[in-house]
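Here is a short briefing for a first look at this structure. Please keep the sequence and the 3D view at hand while reading.

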Amino acid sequence: MSWQQHKARGERHTHTSSRDKMNVPVLPSILLLISTAHAFQYTELAQHIDSHQEEYVEALRDWIAIESDSSNVLKRAELHRMMDMTAQKLRPMGGTVELVDIGEQELPDGQTLALPKVVTAQFGNDSNKLTVCVYGHVDVQPAKLEDGWATDPYNLTDINGNLYGRGASDNKAPVLAWIHAVEAYQALNMELPVNVKFVIEGMEETGSNGLDAMIVAQRDTFFSDVDYIIISDCGWLSRRPALTYGTRGNCYFFAEVEGPKQDLHSGVYGGSVIEPMTDLIGILDTLISPSGTILIPGIREAVAPLSDDEWKMYQDIQFDIENHKNKTGVNQLMYNNKVDLLAHMWRYPTVSIHGIEGAFSDPGTKTVIPAKVTAKFSIRQVPNMDPAMVKKQVTDYLHSVFAKRKSPNKLKVTMVIGAKPWLADPQHALYEAGKAAVNRVFNTDPDLIREGGTIPIARTFQDVTRKSIIMMPIGGFDDGMHSQNEKISRYNYIEGTKLFVSFLYEVSQLKKTSV
Ligand SMILES: NCC(=O)N[C@@H](Cc1c[nH]cn1)C(=O)O
Ligand SMILES: [Zn+2]
Ligand SMILES: [Zn+2]
């Protein structure tokens, strides 16, 4: 569907503000209308958002231009600049905005590097209102034009209503949409229906280093009055809007094999030395079978069994296998039925091998034996896996298969990220509020989905604050997060902003105790 078609659809819905007409489910009795003094003026807010969309796109352009890659230590200055820009965007809005120092990061070589500060903000401090905390991140995955991008990843490019750029969908546009949602209320002199707090970080893509400690430290201060946490750092499953109630965790490993004291000529030395790369490929090949079975002892046994209810839920979800094939560009998937595919993307673990540092990967035919190679692989975590246990299982297993090779080379296995999975109760009233907001803007019920990716901090929010979390994505199913040509459509960006203004109102209708 083109942007114009989407826009026409969106505008029609914009002017349909009566929930009665929209087949909105009756809310459970724990919900209570706590104020009718300020009727929700959705139409005005939606019109304001429509008429400011070019400004919103320009704001995204400014943010996309910052190469805030948290995985590249050489880009750290850009990341600091990104956090400053985020604070600058929030400051004119009059709330309390802070840049919180979360200390330093230790690099694998032992050096230390300042972590990007975390931006916190607060708008409204009315104890009669509920308080929501919106979490997002403004760091990005690496991107280079030569990776195969059609446009410069750091120059926002609008093609047919799609806004291309690294971080467009993950997670810069959603963070801006939340800020613009609050701004819209302010611009129209409408009272915010709830107090709104923000926590915006710059290390999400590398495991949210330092943020857990900040949340623990501020549990009884910044987070003490927070009722609900909202995260919009994921995507829809199809063209239909979605609410997300689960994410996988991730254990990220480095496996280093070191042999000769330096790289060697493969003609001169090949045949006389046992090559680190051969050892490394050999042990990597023992992690997962070609049909996707994880071979590390103990991993599969820990996984919570699929219940009948879950099976039924997956069965009812709208998911087009052919579309998924087209989107990924493969001609055969690991499974050929919907439930198996969804279950293996959302609620079973998987091993992915991401790359090998030290390997020759440039164009050309260099004939070298690399002296030291480091594989990067990760295992997505699901209930009831435990990252500490997975670290031991993987380390013990790789050392045992390496030992069988009787190689003189040295193996070192390190787990650099250990993020737990997160799961919410989609029956919670917060999700009813989410459904009502989706219905108001998109005139349809959302899909209730899980997400195969990881929001490393989600589980910490849940465990430390004990508050309910909702994930409310606005990214499209085909946004290409982490991939070449990442984009967000104008439609999702602008209608997503309307979704957020609408959700703030729907949350305000929840009773203060229904956390
Ligand atoms: N939008 C969420 C996201 O992309 N998260 C990353 C976080 C991560 C996990 N391990 C390393 N980084 C993801 O890959 O899921
Ligand atoms: Zn993200
Ligand atoms: Zn990401």
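**Annotated binding site**

UniProt, in an unreviewed entry, places the feature "binding site" at Asp-170, Glu-205 and His-482. These positions span 313 residues in sequence, yet no two of their C-alpha atoms are more than 9.7 Å apart, so they gather at one spot. UniProt positions follow the numbering used here, feature names are shortened, and annotations may be inferred rather than shown by experiment.

This is a predicted model: local features need pLDDT of at least 70, side-chain atom pairs count only at pLDDT 80 or more, and totals for chains, interfaces and linings use all residues. Residues are numbered from 1 along each chain as its sequence is written, while chains are lettered from A and ligands numbered from 1 in the order in which they are written.

**Two of the annotated residues**

- Asp-170 sits in helix H5; helices (H or I, at least four residues) and strands (E, at least two) are DSSP runs, numbered from the N terminus.
- Asp-170 is buried, as 26 other C-beta atoms lie within 10 Å.
- A residue is called buried if 20 or more other C-beta atoms lie within 10 Å of its own, exposed if 12 or fewer, and partly exposed in between, with C-beta atoms placed from the backbone.
- Beyond its neighbours within four places in sequence, Asp-170 is in contact with Asp-233, Gly-475, Met-481, His-482 and Glu-486.
- Contact means that the C-beta atoms of two residues, placed from the backbone, lie within 7 Å.
- Glu-205 belongs to the loop between strand S8 (195–201) and helix H6 (211–217).
- Glu-205 is also buried, with 20 other C-beta atoms within 10 Å.
- Not counting residues up to four places away in sequence, Glu-205 touches Ser-70, Ser-71, Asp-139, Val-140 and Gln-141.

**Around ligand 1**

- The shell around ligand 1 holds 15 residues, of which Asp-170, Asp-233, Asn-250, Gly-453 and Thr-454 come nearest.
- A residue is near a molecule if its C-beta atom, placed from the backbone, lies within 6 Å of it.
- Helix H5 (168–187), strand S11 (249–258) and strand S16 (410–419) each supply at least two residues of this shell.
- Domain 1 and domain 2 both give residues to the shell, so ligand 1 lies between them.

**Two domains**

- The chain is divided into domain 1 (3–13 + 49–247 + 421–508) and domain 2 (249–304 + 347–419), with bounds from an automatic or database domain assignment.
- Their C-alpha centres lie 33 Å apart.
- Their contact takes eight residues from domain 1 and nine residues from domain 2.
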